[in-house]
Amino acid sequence: MTNRPAKVRRRPSGPARPSLVALPILLMIVAGCDGPQSALSGAGREATDVSRLFWVMLVGGAAVWIVVMGTAIFAVLQPPRGARVGNAFIIGGGVVFPVVVLAALLAYGLSMLPDWAQSGTRLKVHVTGEQWWWRVAYELPDGTLVRDANEIHLPAGEPVEFVLTADEVIHSFWIPAIGGKMDMIPGRTNRLVLTAEKPGTYRGVCAEYCGTSHALMAFSAIVHERDAFDAWLAGQAKPAVVADSVGARRGRDQFIAAGCGGCHMMRGVVELGDVGPDLTHVGSRRTLGSGILPNDRETLEAWVRNPDHLKPDVAMPGYAMLPDADIAAIATFLEGAK
Amino acid sequence: MSAPQTSLSHVDQGDPEVRRGQEERLSAVWATPKGWRYWTAVNNSEVGLWYICTAFAFMMFAGVLGLLIRVQLAFPDNQFLSAEAYNQTFTLHGTAMMFLFAVPIFEAVAIMILPALLGARDLPFPRLSAFGYWCFLIGGIFVCGSIFFDAAPQGGWFMYPPLSTKQGGIGADIWLLGLSFIEVASIAAAVELIVGVLKCRPPGMHMNLTPLYGWYVLIVGGMILFAFPPLIAGDFLFEMERAFDWPFFDPERGGDPLLWQHLFWIFGHPEVYIIFLPSIALLAMIVPTFARRPISGYSWIVLSAMGTGFLSFGLWVHHMFTTGLPSVSLGFFAAASEAVAIPTGIQIFVFVSTLLMGRVTRSVPMLFAMGALAIFVAGGLTGVMVAVAPFDFQVHDTYFVVAHLHYTLFGGMLFPLLAGIHYYFPIATGKMLSRRLGIWSFWLMFAGFNICFLPMHLTGLLGMPRRVFTFPGGLGWDWLNLISSVGAFVFAAGFLVFVWDVVRPKRETDAATRNPWKAGTVEWMLEMPPKPWGSRTIPKIESRYPLWDDPEFLTKYDEGRFYLSDAEEGKRETIITSVLDAQPIQCLRVSGPAVITMIAAGMLGASFIFATFHWWWLTIIATLGAMAAIIFWLWTGTAQHPEKAEKDIGLGSLVPLYISGPKSTGWWAMFITMTGDLTAFLGVVFGYFFFWTVHEQFPPGGTTAPGWQWPLVAGVLLLAAWAATWGARVVNGRGRVGLARLLLVAGPVAAAAGIAALVAGPWFSGLDPTEHAYPAIVWALVLWTALHIAVGIVMQVYCLARSVVGHMTPVYDTDIWNVALYWHFMAFTALVTTLVIGGFPYVS
């Protein structure tokens, strides 16, 4: 988040005792804030467009609400009006006004509909929804895939095409700060084009209910300048680094011995299974457990012991039966896999 | 009965002695059973009351679940509920609110007040209402009770596959079968209410004099008939996948999860208006009363309600904007979604216009009406926002939508409903609710509602998705969620004030005076407290607001100077009129208290519950028991021969006691039921063609199985069975009873052979329904059709038996009329099934 201009930060305490009348006003002020997951922060072209559309609709909607309710309250308080006024009101307010306003709104709003047919040589990112994590692969111009999991890295200022599907159940891919969401449906492939604009770290989530730990399925979306992105991608394409220490090497051996490779791909170390997230560069990730936990030793160890405690119903079995020293070594190894 | 056999035209209604005699006889006939037999009552005033109380009980249950949700989300990383418990909680909250409260409460209130609004003594099929109620009660307890055994569904109220098809346990089955069972009750009530509005209006009440509530009931009843069946079709396919592994929604075997989404939302979107319109209908009765003038723009509001109902069927895709549909579809459905704002807006403006032109009296119902307006207009405006597809890409499945839907449902449904309960409370109980408590409960609920749901718009825009059991702190949601949680409890406090007001012991001073709101519509002619007979005499209607327009109206009513002022034969009677101009055409004897309806509902409920646990033998036994109970009920309770052909109902009208065919209520009920059934069948057919659109080659691999030969044989046999049934009706009417019986023997034989031929096609061509979606959908069509034909066989045999024992004669022929009508629908069903499975593979 370092690259983003620090805009209005919401005061943690808020104004004292907001009354009902002040609430909408308060909300308008608070709305200025942009969290890492806010659709109003406008870090991408699509989000910026929609955010502008929202403010226009909010002001228009508030005006309509005030006029309708004002008339209704006036009607209750005032003596009767003639039938001509009443009929004019039904036709004017019920027919003419909405037809005009809704037509204008549709013209404005639908002009933002994406043109999916448009296709180019832009970067393609394949994302598959799993229960409850994200399988990610970057498609290089030559067609090779660079695999990763639970993080999305994007170059700023250019459209990126996401190729979305799901393995078992429906998920939905959403980075609110950059643009709208798209469902990931087993047996179907959906496309979504987003243009990130402001470099920074944002938070994406699964937006479609996908089972027990739906709430625990997030990811970091990191927007880089183009050069930094290229450098990151080149690093990502390399095999795993085993830190040059006794602990890390022991951890690697334990990782293999405990059978972790049966599910987790770790390029250069063990390339057997492909059921769980790719861990080749797990040490360099911002988070663990798919966007829900800090990436540190303590969490790594806790996860290896009892992942079910951190993410209910997760597929990975716990390894609490391993000696503490082995778990610590595995954590050292994974931490060093930058 | 030793009642005098007087013809009303000769009775002196001015004589108090005569009137007292009439009232005694009416009281005896319409008396509510005492003791345990109270529960065998079928009269609308009892069934309606039970229905309303039960729906509110489920609402409070679902409300407590809502509060649990708010406790869990009050703070980030809260541990109050586990993930599984939370997921069951939100699933059941939505499911119960929608299926056990929002829709049933419409039916409950309508059953309660519709006869009064129409000046009728009861609805045409009281036992059907009671049957529907017991189904609702059993199904509702079954679905809600599951959470106490940690077995509740947890797939969300929309139950999207593959999540819900893959889920273990019986939660999803409870949802599918429990709710299918409740949908039976919904459709039963819809049939009852539609026939009620069409055929039970008082003499003189032309369609354009019908109270607006009646119009809305008609429109909403019609919507139920077309909206619920696609869901029933979906439930059928879904349960076949769960129980027998037929892969309709499994992409690995040619299925598609989106088929369910289409079927669900073809139901789900109209359902929003099925919930909303009846509440607007209550406002349409309340607003003119307190504006002290007729509604401004009667035709506008009727036409726009129809428009809303019609358009609501063309919007379902806006729930699927993010499923990756082409931009053309998005644009079309966005425009259609915006368009529905226009007729909906007109209805709002009609109310405001009525208020503008009237001199408004302030009252608790008006307070709720104004609150409803404030909330609903806000919800409508956010609806206009989410209909713009690109905006929906951001807010879909977030708390913004949670806020939007609660604004529309609270503003569009709950507040008008509470206005209506305050308004109509005297008609149900003879008492008034407290003005002071009403004002307290309103402001607590109004404030609590807004504190709870207004911030959620922002919570959603700040990125909080729906259906999350927890959320991390520091994303700008912490305070917003806490405020929402506080608001939810303020709302609950307001609702408890309302509940207290309803259940508190009433004092003398709470007794309602006659027409307490000084309304103009016909239901306020009733005595206070109301009598068990409903209307003392069934009025002749000449205007929309007879109590305002005719100063003599109440006197004529009290003196019994309209129709059916007596019950001289000791039977429960009401008047059936013609559909458009409400001319009296029959004096209908409606049924009285019965245990058999309860038994039938219990048996049917048992069969659904046993199926949930896959106890197939018990399921079959219970199903047969339910069929036997229903046949007993029909045999003993319907189409009875009256003791005379015609009856003088007063004001010089002599009408028949027995009619059959398109004029009779039974025929209409069959027609309406079968329209719904046909819609469900078309839902299954839609599935077939949906698969055709998503597969490059369908049937897969260019197969032509099940071939054209067997389907052709089946089609011919089934059409022969239809012709035999139709022929039996015609020749029976002409007095050739023997030939009719012969045809009623030939019909079942042809039908049974037809079923065999229908099954033979896919059977002998080796189509395995678990292999791929194609054989599965072919078998689904065959199964659906075969089961329906089997029911048709039972009906044919029933008519044959009725004829043999002399219940069915050339004059008393309503049984064969209705069965022939059923078979018209069967002919169409069989034709479509055989053409699709036997013909389509050759042309695709």
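Two strands count as paired if DSSP finds at least two bridges between them. Helices (H or I, at least four residues) and strands (E, at least two) are DSSP runs, numbered from the N terminus. Everything below is a predicted model, where local features need pLDDT of at least 70, side-chain atom pairs count only at pLDDT 80 or more, and totals for chains, interfaces and linings use all residues. Residues are numbered from 1 along each chain as its sequence is written, while chains are lettered from A and ligands numbered from 1 in the order in which they are written.

**View 1. Strand E10 of chain A and its partners.** Strand E4 (residues 151-155) of chain A runs parallel to E10(A), with five bridges joining the two. Look for Ile152(A), whose bridge partner in E10(A) is Ala221(A). E9(A) pairs with E10(A) too, this time antiparallel and over six bridges. Gly200(A) sits opposite Val223(A) of E10(A). Five of the seven residues of E10(A) are buried, so the strand is mostly covered; buried takes 20 or more other C-beta atoms within 10 Å of a residue's own, exposed 12 or fewer, and partly exposed is in between, with C-beta atoms placed from the backbone.

**View 2. Where the two domains of chain A meet.** Chain A splits into domain 1 (36-78 + 114-237) and domain 2 (246-336), with bounds that come from an automatic or database domain assignment. Here 19 residues of domain 1 of chain A are in contact with 16 residues of domain 2 of chain A; contact puts the two C-beta atoms, placed from the backbone, within 7 Å. On the domain 1 side, strands E2 (133-139), E3 (145-149), E9 (200-206) and E10 (218-224) of chain A each give two or more residues. That side divides into eight nonpolar, seven polar and four charged residues. For the tally, Ala, Val, Leu, Ile, Met, Phe, Trp, Tyr, Cys and Pro are nonpolar, Asp, Glu, Lys and Arg are charged, and the others, Gly among them, are polar.

**View 3. The contact between chains A and B.** Chain A brings 74 residues to the contact and chain B brings 72. The largest share of the chain A side, 16 residues, comes from H3(A). By type, the chain A side divides into 48 nonpolar, 19 polar and seven charged residues.

**View 4. Lys166 of chain B, up close.** Lys166(B) is found in helix H5 (residues 163-166) of chain B. With 17 other C-beta atoms within 10 Å, Lys166(B) is partly exposed. Leaving out residues up to four places away in sequence, Lys166(B) touches Glu168(A) and Val169(A).

**View 5. Helix H3 of chain B and its kink.** H3(B) covers residues 83-117, and at 1.5 Å a residue its 35 residues should span 51 Å; the end C-alpha atoms are 48 Å apart, which agrees. The expected span is 1.5 Å times one less than the number of residues. A kink of about 40° is centred on Pro104(B), the bend being the angle between axes fitted to the seven residues ending at a residue and the seven starting there. Because 32 of its 35 residues are buried, H3(B) is largely enclosed by the rest of the structure. Just after H3(B), Gly119(B) takes a positive phi of about 60°.
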